[in-house]
Amino acid sequence: MPTAVAETQILAPAEVKSKQREELRTSVEETVTDKKRKQRKIKKSQSVKSAEKELKRQKLERKAGGKKVKTKKDAISAVSDEVKQGITLAKKSSEKVNSNFFSKLQDSINQEATNEGKPKKKKNFAKVKSYNKFG
């Protein structure tokens with residue numbers, strides 16, 4: 001004889017089956033209370049959806065740097081505009097660096113060209129005798 005028996009084996013099938021909260025009715029059979037309950041349920045789901053949309057919009061605005069945004073596409077375009085501006089600034093700064101480098105290079109080449117016309121002085125180095133054990 002088993003000491004532990006599942007509750008579903010003891011109960012009748014009608015008792016095991018979960019009960020419905022209310023009977024199903026057509027829209028013609030609904031009472032005023034039923035209609036109001038249904039409307040409240042619809043309005044609550046709408047308010048939850050609108051609150052979620054508002055949160056998403058606020059997140060998108062934060063990502064877009066505080067600009068007003070209606071859709072995700074607008075947020076992406078705002079962020080991409082900032083990225084494009086950053087790229088153009090980087091290009092401009094690199095052009096300045098490159099132009100500075102090449103202008104200095106050109107100046108040094110010009111100085112070397114003017115110095116080539118003049119005879120160079122030869123430097124006399126005294127020979128130093130090394131005192132190694134081996135040499």
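The expected span of a helix is taken as 1.5 Å times one less than its number of residues. Helices (H or I, at least four residues) and strands (E, at least two) are DSSP runs, numbered from the N terminus. The model is predicted: local features need pLDDT of at least 70, side-chain atom pairs count only at pLDDT 80 or more, and totals for chains, interfaces and linings use all residues. Residues are numbered from 1 along each chain as its sequence is written, and side-chain values use heavy atoms, without hydrogens or water.

The protein contains 4 helices and 0 strands, in the order α-α-α-α. Mean pLDDT (the predictor's confidence in each residue, from 0 to 100) is 76. A value of 70 or more is reached by 70% of residues. Among the elements, helix H3 (residues 32–63) has the highest mean, 89. Helix H4 (residues 72–116) has the lowest, 73.

The 32 residues of H3 should span 46 Å at 1.5 Å a residue; the end C-alpha atoms lie 47 Å apart, which agrees.

Of the 135 residues, 5% are buried (under 20% relative accessible area; exposed is over 50%, partly exposed in between; 1.4 Å probe, protein chains only). In H3 the buried residues are Asp-34, Leu-60 and Glu-61.

Asp-34 also lines the largest pocket, together with Glu-22, Glu-23, Leu-24, Arg-25, Glu-30, Arg-37, Lys-38 and Lys-41. Lining residues have an atom within 4 Å of a point on a 1 Å grid; a pocket is an open set of points where a 1.4 Å probe fits, with protein on both sides within 12 Å along at least five of seven lines.
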